[in-house]
Amino acid sequence: MSLRESTRVAADTIAERLAAPQDIRSLHHRQGWWPQSLAHGAVGVALLHIERARTDQGPWQRAHDWLACAAAEPAVGGSDSHLYYGAPALAFALHAASDRPGRYARALNTLDRYVTTAIRDRLDTAHARMDRGEMPALAEFDAIRGLSGMGALLLHRGLHADVLREILTYLVRLTEPVKHDGEFLPGWWSHLAPSGTTSPDYPEGHANNGVAHGVGGPLAVLCLAARRGVTIAGHLNAINRILAWLDHWQQDSPTGPRWPYWITREQLRSGTPGTGPSRSSWCYGTAGLARAQQLAALALNDPARQRMAETALLRAMTDPGQLDATVDVSLCHGFAGLAHLTRLVAADAITPGLAECLPRLLAPITDTAPATLADSLIDPPGGGDIGLLEGAAGTALALNSFHTGTPSASGWDTCFLTN
């Protein structure tokens, strides 16, 4: 069986297991049952069936059933909502399902009011925080819970250009250095630990470099907007400030460039980063930052940076040590994410060799019997995860994309700020 056929069979098997919400709800879910969660719940499963329906891999009825499940209760808005939960997540999925004009228009109009109100409230809070000279929580700006994720949603929708520009204005301001306790820090320096909470291990906070929870998210949104021709005053300067930070902390190892997950105040003062974990993934490490920097290079027309970013990913995807550190098959930090990122980077690359990495990256998924793979994701001992970030829907979407060999028809992967 060819690799393309193996990915089809595995994706089909997972999708069949996730066909009906009523058959899945009674299972033990490791993260709990959160219908409005794109990360772990019904919205993520709906996105799988939406993409499959739009690529003629499955019926529309499954997408409608999971959307109905996700929207059965009133949409969660306000400060509790973000791209991966509540009204924004529902809006993301409904837009993905809008394969013809007018489809879901009434529901989207209602959700858009929730979303734009929540964004503007957050922007007001963020600017007030900056005015007070305080440092941000990661959830203020990151890709999962913060304004970078909301920016990705607005880019996905292709509407509300005024609100998108307000987010970009905030992100530009976020990149400006600030003086704190007599030292200049990057504006995204958080007073919290990488967990998003206070910790005695991070008494003076940290600067997070990840795409999921750090400055990689703002970088990606700024670059994606610029590539669409949406720019504001200081936009390119902000991109270059983030790139200068990443260049400063780049570690050139025998297996290629790497970037530390984060920098503490002690490391900032000494100029020496810690060794840290070596796993490469979308959320942290070389893979996500390589794609973000490739997007930056494309936005800035910088072939030297593009080659560097692509080479960094190629070296990471051929380094046994980094691959051995990957222990699951998820999109967030597993082999599905590595394979999908590598496909995206390869499609835009001026550096050869990336596509040749895909069989090895997919092997931990496709070498498992499809039924066994589905069981291990959906109903393993201790509970499964059906969602997009760490669960079955995300793995199946990556497999489906490899099988079709085309860009996502629904734009499902734009919530990762990679496309």
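Colleague: Why is Tyr85 called buried?

Modeller: Buried means under 20% relative accessible area, exposed means over 50%, and partly exposed lies in between (1.4 Å probe, protein chains only). Tyr85 has 18% relative accessibility, so Tyr85 counts as buried. This is a predicted model, where local features need pLDDT of at least 70, side-chain atom pairs count only at pLDDT 80 or more, and totals for chains, interfaces and linings use all residues. Residues are numbered from 1 along each chain as its sequence is written, and side-chain values use heavy atoms, with hydrogens and water left out.

Colleague: What makes Trp34 and Tyr85 an edge-to-face pair?

Modeller: Rings of Phe, Tyr and Trp (its six-membered ring) pair if their centres lie within 6.5 Å; planes under 30 degrees apart are stacked, over 60 edge-to-face, and the rest tilted. For Trp34 and Tyr85, the centres are 5.8 Å apart and the planes are at 80°. That angle is over 60, so the label is edge-to-face. The pair links distant parts of the chain, 51 residues apart.

Colleague: Why is Trp34 called partly exposed?

Modeller: The relative accessible area of Trp34 is 43%. That value falls between 20% and 50%, so Trp34 is partly exposed.

Colleague: What makes Tyr261 and Trp262 edge-to-face?

Modeller: Their ring centres are 5.8 Å apart and their planes are at 70°, so this pair is edge-to-face.

Colleague: Are Tyr261 and Trp262 buried or partly exposed?

Modeller: Tyr261 has a relative accessible area of 11%, so Tyr261 is buried. Trp262 is at 23%, so Trp262 counts as partly exposed.

Colleague: Why does Arg62 count as buried?

Modeller: Arg62 has 18% relative accessibility. The limit is under 20%, so Arg62 is buried.

Colleague: How do you know that Arg62 makes a polar contact with Glu16?

Modeller: A polar contact is a pair of N or O atoms within 3.5 Å; within protein, one must be able to donate a hydrogen and the other to accept it, and residues adjacent in sequence count only if both atoms are side-chain atoms. The side chains of Arg62 and Glu16 are 3.1 Å apart at this contact, so the distance meets the limit.

Colleague: What makes the charged end of Arg103 sit over the ring of Trp60?

Modeller: A charge sits over a ring if NZ of Lys or CZ of Arg is within 6 Å of the ring centre and within 35 degrees of the ring normal. The charged end of Arg103 is 4.4 Å from the centre of the Trp60 ring. For Arg4 over Phe402, the value is 5.1 Å.

Note on methods. Helices (H or I, at least four residues) and strands (E, at least two) are DSSP runs, numbered from the N terminus.
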